[in-house]
Each structure stands twice: as C-alpha cells, then as structure tokens.
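Work through the exercises below with the sequence and the 3D structure open beside the text. Try each task before reading its solution.

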Amino acid sequence: MDLSIAGILLLDGATSGAVYALLALALVLVFAVTRVIFIPQGEFVAYGALTLAMLQMGKLPGTVWLLAVLAVLATLRDAFAAVRAGQPAGRIARDAARSLAGPAVVALLALWAAPRQLPLVLQSLLALAIVTPLGPLVYRLAYRPLADAPVLVLLIVSVGVHFALTGLGLLFFGAEGFRNPSFWDERFRAGPLVLSGQALIIFLVSAALIVGLGLFFGRTLRGKALRATAVNRLGARLMGISTDGAGRWSMGLAAFIGALSGLLIGPTTTMFYDTGFLIGLKGFVAAIFGGLASYPGAAAGALFVGWLESFGSFWASAYKEVIVFTMILPVLLWRSVTHGQTDDE
Amino acid sequence: MTSSRWFLLAFAAALALLPQLPVPEFWVTQLNYIGLYALVVIGLVLLTGIAGLTSFGQAAFVGIGAYSSAWLTLNLGLSPWLAVFGGLALTALAALLLGWITLRMSGHYLPLATIAWCLSLYYLFGNLEALGRYDGLLGIAPLSVFGLPLNTGRSFFYLLWALVMLAALAATQLLDSRSGRALRALKGGSTMPEAMGIDTFRAKVTVFVLAALLAGMSGWLFAHFQRSVNPSPFGLKMGIEYLFMAVIGGVGQVWGALAGAAVVKLLEDQLQVLLPRLLGGSGSYEVIVFGVLLVGVLQYARDGLWAAVVARLPRRARRRDWADAAPLPEAARPPHGELVLDVHSVRKEFGGLVAVNDVSFQVRAGEIVGLIGPNGAGKSTTFNLVSGVLPLTRGEVRLRGERIDGLPSRGIARRGVSRTFQHVKMVPEMTVLENVALGAHRRGRRGVLPAMLRLERDEERRLLREAERQLQRVGMADRLDELAGNLALGPQRLMEIARALSADPSLLLLDEPAAGLRHQEKRALAGVLRQLRAEGLSILLVEHDMDLVMDVSDRIVVMEFGTQLMQGTPAEVQASAAVRAAYLGTEH
C-alpha cells in the first residue's frame, strides 16, 4: 500500500463513516428516548433508496401501500381504544382524520407523481415523504402498547419488526439490486485523490444534519422535550410532556435519517432489499462505541467503522464483514473494563 | 406417580411408538427437525425466560457444533462420538468469551453482541477454504450405535428424541434446585440475588454457556443427520427464528420449547408453500408473518402458548419430603454484648449533596438498634452503605472487627449480614417456600450439574427444611405453596424476613419491615424480633412506625438531613426536644 491508496481508502471510509454516523445518532436518540434498540433502522435505509429506485423507473413503490395500510391500522386501533374509553364521536372522528390526512396526501401525491418522471431531487423528496411517516406508524403499532415493557422485550419486538419489514421489502422491491443515479456527477481531483460530487454531498448533508439536530435539541421546545424524556420518562410525563409523542417523534426522526442515508449511499452502492440491515448494524457497532448513550462517541465510532471497512476490504475483501462485526467484541470488552457494571434498568 | 409424570411417560411412549407406525417419511423428517430445533430452544428458554437474558445468535452455536464435528470426522477420521466433544468444547469456549465480555454490562449488550457474532461467523463459514466456503462440507458420516448406522430418519429419530427428552428433563430438574432458584432470581436485577450471596455474573455466564452447549449439541446431531453442512442454516435469520420459537412456546416454560419449535416449523412449511402462491414471485415471505406474529404475541400473550396450557392444569402443592432432613449447620453466634457492627463516621456524597454526613453508631450482639429520622434523613442510604449496595465516600464499617466497607454486597452477605428491602424484592413466579430457600443459598454448595442429574436431593431437602422452619417462625407455615407474587404486601415483608433468616445471619438489617403491615401483623413482628434478639441475633431496624421502634429497640439512632441528631434509649429519644423539633418543626 502506498500513500495514494491509503488516501483513497481514508476518503472512502470517511464517506461511509459519515452515513454510519447519521444512523448511529438516530439509534442513540431512539434508545435514549424510548429504550428501544431500533434494529429496523436499516430497513428504512433500504426503503429510502429503493423507493427512489422505483420512482426512477416510473413505478409506484410498494412502500406507498405500506404507508396507507399502516396508517389505516393505526387509526383503527386508536379509534377502537377511544370508543372503548367512551370518548365523544366528534373527537374520535377528528383524531382519525388528523391521523389519516398526512399519509393520504402523500399517497395521492405518489400516485400522481410516480409515472411522471419528475426531476431526481423532487423524487428524492417524495421518497423521504413516503418513508419518514412509516417511523411513527411503526412506533404506534408495534412499540407503544409495550412502552413500559423491559428493554429486552422491546428488543425482541424490534427483531420482529425487522423481520416483517425485510420480508415486505422483498415483496415490494423484488430480489434484484438497484443503483441510483448520482445527485452530482462532478469529480474533483487533488493529486491521486478523486472526490466525487456524491461524496461531497454525503459530507455536506451529514454535517448539516448533525448541526440541525444539535439546534433542534438545543433550541426548540420539541427537542428539549425529547431530551427530557431521555433523561427521565416519569419526570417528563409529570411536566406534561407526552412520552408517546416523544416516541413518535424519535422514530420519525430515525426513519427520516434512515431514508436520507439510503438516498445518500444509493448511488455509491448497489442496494438490495436486505442491504439496509447490514448498514444499520454498522451504525450499531458505531453507536456501541459511545455506549449507546454518547453522540460524539457514536460519531467517532462511525468514522472508525468506515475506515475499518475500507481498509478491511482492501486487505481481505472476503472477510470485510467478519472484521467489522467481530470488532464489536474488543469494543465491548473495552467498555466493560472502563465502564464496568451498569445493571438494573 | 403424579399426573404430570404420567403425562410425560405417555408422551415418551408415543414418541417411541411413532416410527414403528406407518407414518409417512415426510412426517418423521419433520419431527426430526422439530427435535433439533427444540434442543436449541430449551437453552433459550433457560436463557431468556428464566434468566432474563437473550441471544439472537444461538444459530451460530449450532453452526460451531455442526462444522466442528463435520470437520473432525472428515479430516481427522474421528468417530462422531468423539468429535462431539470437540464441537462442544469449542462452543463452550466461544460462549464463555462472549459472556465474559458482555455480561458485566447491561442486559442489551449480550443480544447485540450475539447479532454481530452470528453475522460474522456466517461470513467466516462462507469464506473459509477449509470449510468449503458457501458450498460447505459434504459426505459426513452418519452416527452409528453399536455398529448400526443411524442413516434413516426413523433410526435417527430415537437418538434425537431421547436427547431432547433428557435435555428437557434436565432443565426442569435444574429449575427446581438451588442453582435453578439462583437463575430464576436473575431476571429481577442483581441487587437481591447478590444480597443473597449469589454471584450473579457467574450465574449469567453459566446459563449462557449451558444454552450454547444445547445449541452445539443440536448442531452436532444436525451435521450427522443431514450428512452435509453449509452456512445458511446458521445465519442470523435462523437465530431470530429460534428466539421466535421460544417466545411462541412461552419463554418461561421448558416444555413450551417443544410446542414452540413444532408450531413454528409446521407454520413455516405451510407459509413457504402458501405465500409465494398468494403474493407471486418467490422468496422467504414467511418472515413477514413471523415478524408480525412475534410482535402480536408480545403485545397480547406475552407468556406464550404453553403458559395457557399450564394455567389450565391444577397447581399442586409440593410434596413435603424434607421433614426428616438433617438441619443445616449454624454459625456460632457471637457472645451476648460483643461488638458486631461498628459504623465509624461513614460519609456518602452524591456530587455536591452530602447524603450521609459522618455518621457513627454500633450494634452489639443480642441488641436491636433502631435507625429513625424524617423522610430524606439518609436512613436508607446509611443502610445501603452498611449492606454494600452503595460504595462509601469515606469512613469505615466493621463487622466483628473485620472491615467490610468496599466489599460487594455478596461478600458482606457471606460474612453473615442478611437484609430485607424497603421495596420488596422477590421472584413473583416462585412459591413462598422457594423464595425463602433463596435466602439459604449460601449455606448450600451443589451446582448446576448435580441439580440436572438430581444428585443434590439431600442438600435440597436440608435447604427446604430450613426455609420452612423460618416461615413457621414468622407465622407463614400455611402459605408455603402460594406464589409469592399473589401475596399481599404484609405477608411479602414477612416472607423477606424469613428469607433473610434462612441465611443464618449474625446481623439482620431490616428496611421498614412494618410498612404495609396490619396491627396484628405488627404485633406478631415485634414478637418475632424479640425472640430473635433473645437468640443472640443483632438487628438494625430502619422504621417509620414509632410504636414498633420504641417498643422493641434497645437503642435508637436519630438522623436528620444526613447527620446524626442523637443516640439513646427509646425513653431518652422520646424526651428529646431536638428530636421533636426534627419531626414536627420548632415554634418560633
């Protein structure tokens, strides 16, 4: 290996690292707010990229149907609970309308837009609009009824959701892979290094999102409410913060970040319906660096995972995944030695 | 012969008969797969349902068992009966390493580590030249017994199901033993079991290795049944399906493992035919149904199938076979008046807050010392400093002259300090007797293996005898077989005292034992405390019930805002203007 190859690998690793960092941040956020280990995060990555791929081909992506069905199910379940609780019919109807309006608008928009070959940016925004609301819907249907269950039960639920979403991904997108067109085909040369426009976009969007999240949590009331819920659920509830709302928001953010990551890496890698899972898990390996609690720790871990992967594929490409996923063991060992016993939820 | 024994015998007989009947080969193969899965799931039941840990990577242990035996028989020409030990040793080693690394930390690190581990092992199997890459290893010898090769589904069936039944039996016997109670106590957090002298870390590693060994055994059988191995049945998807089987069957139920394995296997076969026809295309669509079902079961029937079966069976009282067991040896009590507990200017700071400010007091043998004070005075914190739940910032705690501050609570318990909890900590799904026997844990020593083989019944009888004796003492001898979770708060507190007494302590720490007790129960409690004192026990009592404290205490320590206000006899404390001011405020 010479310096130029090392440079290329460093750049390459940092690009995937930036995406892993986004995913790791979302995972830390969801875990802090809801105590859910959000295994299905990766499915949103695949959904984002493949929804765009379907739109590119002028087809209506199956995720639109999923959105519609989940929205109807969640609304029915809420309405059923409200009827049993004896709430007035007017209010039930209003809640149902509010719960269905957003998904309905998105679905109609998608129906209209799908065959029309809109510009790439508009299609990307549409893909985000389709996938993001899946997060809160998944929260309402799968996690909310178990919001007070032990972490372990929530983790098993996550695995169930992962199973269902992966199978649905196969149903919607089929078994073949897709590679999305690049957002920006420009290439910048600096000596032996080539920085593609797409990589630049990945860096810029990741940085913008991280700054945006920082502002969201530091400046806005909603962000502060999420932080309060993360610190103490009961205390937050006593202050009038809806932990249910916090759960929906955090999973909405996670789905948004997942879909966005999918859009970002869609042009750099071939996406299959189950590729997202591995990408999401690499986000987990990164998040574990920070003990699933520290945002800077997770970001540093993500960069490390990105480099590990790029150098790993250079030296022993067949063992790339083995190296990345085995790395979790020394990291856990290091955490268990330095941070020791933390038991009892 | 109990009805459950009859049921078991009938089930075993049906299994033995089945291959002799003209059952289609297809169903024999199905049953063989169910048996192979059930072995893994029994381990998961112990791990997840009983100990409250979980793993998505059991498929990887199956893989290690299968590949090791395949490689050893193919390359070294070993007999499968020898190769099994290689596979199991490697499985145990891997499980030890994983457990040792992750189990010191919170419960979610183990499952996350097992996901990563299962993935990386899958890719490793698929890329190693020596293991035939993704094509795997072919031409593995079948198992043979006395020179008779088990190369048909029907002959293999006997060996497999004999092992499944033995494993299930061993697991149920383990759960009904000293080690089993320790495992069942893990689920509620480590504070209580540690206070009973149980090494929770070791118990967790043990149960994880045990589950891995069962998986490795299944892998060994799989390799010699299938006669070929490749990475795909050992991937994460299968790892998650094993957990799914455990959840469907009922995670707390050993026999539920068989039910779960059967239901999932049969369902999977149906779905794999039905769904592609329904949805068009091909692929493993059954995971959609599995995923939705898994979430649904957890939301609506978290205890699974078998729990519903068990709930319909009558619960029978345990047979009392310990009446003539030899009593457990008791530690020599310190002579009356000897200094037992010496708390010397202990201090606890939480950041800038001084919760306990240089408090000193002593407890002598045969003495009841009350620790009182208004809410927030630091009584419970002091209590936790003495029992080792919290580390001290400064100061010394000595038990009969030996320093015990800095020791883990398990170490303090082993030196003869027993405690109860302000918020009752118990295993709600165990009976009262079993909960109390948990207190006697450190007075026994037989481990997991003798328990599985029922070689520890002598010791078990002695432990249960002791538990019953202590329950009699607190007036609960008639409630031995009730589930602890069904008791009202008062009896739960008495049960905790009995549990603490089962440990044969020289010092008893009681944290608000009278809270929630009715008047009669309080009087009975006072009687028990006096009797214990007469036997030479020392008691430190944190309590809000002034009648009880004044009634039984020899001396009282009063705390306020983390500092020690005064010490004295009940009469002195009652006469003190400072104490009255602390509780009621002063006139200005």
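**Exercise 1. Chain B as a whole**

What percentage of the 588 residues of chain B count as buried? Then describe the make-up and the confidence of this chain.

Solution. The model is predicted.
Step 1: of the 588 residues of chain B, 52% count as buried.
Step 2: chain B holds 23 helices and 12 strands, and its C-alpha trace spans about 90 × 55 × 50 Å along the principal axes.
Step 3: take the contacts in chain B between residues at least 6 apart in sequence; 75% of them join residues at least 24 apart.
Step 4: the mean pLDDT of chain B is 89, and 99% of its residues reach 70 or more. For the model, ipTM is 0.91 and pTM is 0.91.

**Exercise 2. A helix in chain A**

How does the reach of helix 1 of chain A compare with the span expected at 1.5 Å a residue?

Solution. 
Step 1: helix 1 of chain A covers residues 3–34, which makes 32 residues.
Step 2: the expected span is 46 Å, and the helix reaches 45 Å from its first C-alpha to its last, close to that value.
Step 3: look just after the helix, where Arg35(A) takes a positive phi of about 65°.

**Exercise 3. Where the chains touch**

How many residues of chain B are in contact with chain A, and which helix of chain B supplies the largest share?

Solution. 
Step 1: 41 residues of chain B are in contact with 44 residues of chain A.
Step 2: on the chain B side, helix 4 (80–102), helix 5 (109–127), helix 10 (236–249) and helix 12 (286–300) each supply at least two residues.
Step 3: helix 5 of chain B gives the largest share, 11 residues.
Step 4: sorted by class, this side of chain B has 24 nonpolar, 16 polar and 1 charged residues.

**Exercise 4. A sheet and the loop after it**

Why is one side of strand 4 and of strand 7 of chain B left without a neighbour in the sheet? Is Ile404(B) buried or exposed?

Solution. 
Step 1: in chain B, 4 strands form an open, antiparallel sheet in the order 4-3-6-7.
Step 2: strand 4 (353–364) and strand 7 stand at the edges with a single partner strand each, so one side of each has no neighbour in the sheet.
Step 3: strand 6 (residues 394–399) of chain B is joined to strand 7 by 2 bridges, and Leu399(B) stands opposite Glu402(B) in strand 7.
Step 4: Ile404(B) lies in the loop between strand 7 (402–403) and helix 15 of chain B.
Step 5: Ile404(B) counts as buried because it has 20 C-beta neighbours inside 10 Å, and the cut-off for buried is 20 or more.
Step 6: leaving aside neighbours within four places in sequence, Ile404(B) is in contact with Val397(B), Arg398(B), Leu399(B), Ile412(B) and Arg415(B).

Note on methods:
Residues are numbered from 1 along each chain as its sequence is written. Chains are lettered from A and ligands numbered from 1 in the order in which they are written. This is a predicted model: local features need pLDDT of at least 70, side-chain atom pairs count only at pLDDT 80 or more; totals for chains, interfaces and linings use all residues. The expected span of a helix is 1.5 Å times one less than its number of residues. Two residues are in contact if their C-beta atoms, placed from the backbone, lie within 7 Å. Ala, Val, Leu, Ile, Met, Phe, Trp, Tyr, Cys and Pro count as nonpolar, Asp, Glu, Lys and Arg as charged, and the others, Gly among them, as polar. A residue is buried if 20 or more other C-beta atoms lie within 10 Å of its own, exposed if 12 or fewer, and partly exposed in between; C-beta atoms are placed from the backbone. pLDDT is the predictor's confidence in each residue, from 0 to 100. Two strands pair if DSSP finds at least two bridges between them.
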